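Subject: Structure handover

Hello,

The structure we talked about is below, with its sequence. My notes on what was found follow it.

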Amino acid sequence: MSKTKIRIDYSKCGENGKVDPRDCRKCLEVCDPCVFLMHEALGYKEEDPYNPQHWRITPVWPSVCTRCFYCVKACPEKAIKISW
Amino acid sequence: MCDWCLKHGNGKKWYMNAKNYSNELAKDLDLEDYLTEQWMNFETVFIRKIMGISSKGLGYKLKMPIIGRVLRWLAERMIHSESKNRNPMRADGHFGQVLPLEDAQIILSELAAEPIMENYCMCRWMQKGKKEACCINFGVLSGVIEKLPRFIPKDRVVMLDREQAMERLEEHNKKGYIASVWFQPVPYICAICSCETPECGGLRLRNDFNLKAVYKAEYIIQLDHDKCEGCKACVSMCQFSAIRFIPSINRVMIDYDKCFGCGVCRHACKFDALHLIPREEYPGFDGKY
């Protein structure tokens with residue numbers, strides 16, 4: 001089986017987007033195998049680790065993705081792309 | 001008895017040794033700063049680097065021919081690290097074991113250091129986007145988490161006495177969550193979680209990547225074939241898909257390799273057919289944690 005590649009466009013979601021991942025988090029809720037991780041972006045520690053602009057969602061475990069595409073459908077910003 | 005019991009168990013199971021819960025130990029290891037640093041950065045633990053290699057897409061990386069084996073060795077060493085220069089941001093030395101409700105209640109009633117508190121499960125928040133108060137922390141860690149507002153439920157009492165903690169744990173266990181006890185970091189014990197696959201970070205590493213972040217319990221389930229009526233209620237309780245219903249014999253079958261010995265399936269059984277026995281008593285499963 002080929003590798004699943006999940007890409008999130010961070011200009012739409014996360015630090016440069018208008019949506020705070022912590023408020024939206026729709027992709028996390030629909031993902032049965034829990035591929036995504038919501039975390040504060042690295043490298044901001046000196047400023048303010050809890051600034052909403054510094055949160056992002058990373059697809060950390062693409063190997064357990066079942067390719068159900070629910071996250072792609074659920075994303076209001078159309079920021080998720082899956083390929084393999 | 002695993003290696004950790006021999007090292008830190010003082011002749012008993014590691015989590016039954018009162019010394020591992022003591023405030024003196026926490027002081028010796030200077031854990032207040034360590035745990036503060038760890039819990040301030042808890043959500044980023046899975047994107048930290050293992051020896052310069054990002055753990056993003058770890059499942060694929062572990063399958064690579066040589067790099068995979070090196071990476072596995074490094075990750076195991078990191079998870080079970082006892083060295084002086086442990087990195088709190090990667091949660092070095094943070095691993096645990098599944099345990100049945102009875103053992104967990106002994107810990108909460110006798111061994112756990114005060115204060116005891118219940119806070120939001122971080123794994124469920126960062127991987128599933130749900131806030132659910134089901135992690136019971138005690139000792140130094142309670143003092144650390146108290147200062148971090150995002151872990152604290154606002155609508156309920158978070159400080160529990162021993163009785164309440166036992167009740168809460170029983171509630172979670174009967175719901176189907178697995179009780180697990182955690183070194184954080186080894187040898188200090190300060191948390192009993194109510195985990196669920198797939199979002200629990202430890203169970204993710206264990207089940208999907210076979211990294212020993214969580215050990216199987218000291219027990220294993222045993223099925224009484226004569227008492228099982230084939231109601232299938234236990235099948236829905238098993239987090240590890242170790243129980244399977246076989247229509248032709250009209251009862252369930254247990255995959256002992258997959259059984260973690262959490263004992264959650266017993267809560268569903270109306271016919272008293274499921275019992276936990278010590279792992280070493282089941283032929284061939286002694287030492288298979």
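Of the 289 residues of chain B, 46% count as buried, where buried takes 20 or more other C-beta atoms within 10 Å of a residue's own, exposed takes 12 or fewer, partly exposed is in between, and C-beta atoms are placed from the backbone. For chain A, with 84 residues, the buried share is 38%.

This is a predicted model, in which local features need pLDDT of at least 70 and side-chain atom pairs count only at pLDDT 80 or more, while totals for chains, interfaces and linings use all residues. Residues are numbered from 1 along each chain as its sequence is written, and chains are lettered from A and ligands numbered from 1 in the order in which they are written.

Overall build

Chain B has 11 helices and 13 strands; helices (H or I, at least four residues) and strands (E, at least two) are DSSP runs, numbered from the N terminus. The C-alpha atoms of chain B fill a box of roughly 55 × 50 × 40 Å along the principal axes. The radius of gyration of chain B is 19 Å, which agrees with the value near 19 Å for a compact globule of 289 residues. That radius is taken over C-alpha atoms, and the globule rule is 2.2 Å times the number of residues to the power 0.38.

Chain A has three helices and four strands, in the order β-α-α-β-β-α-β along the sequence. Among contacts in chain A with a separation of 6 or more, 68% are between residues 24 or more positions apart; for chain B the corresponding share is 66%. A contact here means two C-beta atoms, placed from the backbone, within 7 Å.

Domains of chain B

Chain B is divided into domain 1 (18-215) and domain 2 (219-281), with bounds that come from an automatic or database domain assignment. The C-alpha centres of these two domains of chain B lie 27 Å apart. Their contact takes 10 residues from domain 1 of chain B and 10 residues from domain 2 of chain B. On the domain 1 side, α9 (162-175) and β7 of chain B each supply at least two residues. By class, that side of domain 1 of chain B has five nonpolar, three polar and two charged residues. The classes are: Ala, Val, Leu, Ile, Met, Phe, Trp, Tyr, Cys and Pro nonpolar; Asp, Glu, Lys and Arg charged; the others, Gly among them, polar.

Interface with chain A

In the contact between the chains, 18 residues of chain B meet 19 residues of chain A. Helices α4 (58-62), α7 (122-128) and α10 of chain B each give at least two residues to the chain B side. That side of chain B has seven nonpolar, five polar and six charged residues.

Core

The largest nonpolar core has 111 residues, of which A:F36, B:A104, B:I192 and B:C265 touch the most other members. A nonpolar core is a set of buried Ala, Val, Leu, Ile, Met, Phe, Trp, Tyr and Cys residues joined through C-beta atoms within 7 Å. Strand β8 of chain B gives the largest share of this core, six residues. The core lies between domain 1 (18-215) and domain 2 (219-281) of chain B, because both give residues to it.

B:A104 is also one of the buried residues of helix α6 (residues 101-111) of chain B, together with B:L101, B:D103, B:Q105, B:I107 and B:L108. The cover over the buried residues of α6 in chain B includes α9, β7 and β8 of chain B. Leaving out residues up to four places away in sequence, B:A104 touches B:L99, B:L169, B:A179, B:V181 and B:I192.

- B:Q184 and B:P185 are joined by a cis peptide bond with omega about -10°; B:P185 is in the loop between β7 (178-183) and β8 (189-195) of chain B.
- B:T197 and B:P198 are also joined by a cis peptide bond, with omega about 5°; B:P198 is in the loop between β8 and α10 (201-209) of chain B.
- A:R67, not a glycine, has a positive phi of about 55°. A:R67 lies in the loop between β3 (55-59) and α3 (70-74) of chain A and counts as exposed, with 11 C-beta neighbours inside 10 Å.
- B:D272 has a positive phi near 55°. B:D272 sits in the loop between β12 (251-254) and β13 (274-278) of chain B and is exposed, with 10 other C-beta atoms within 10 Å.

Regards
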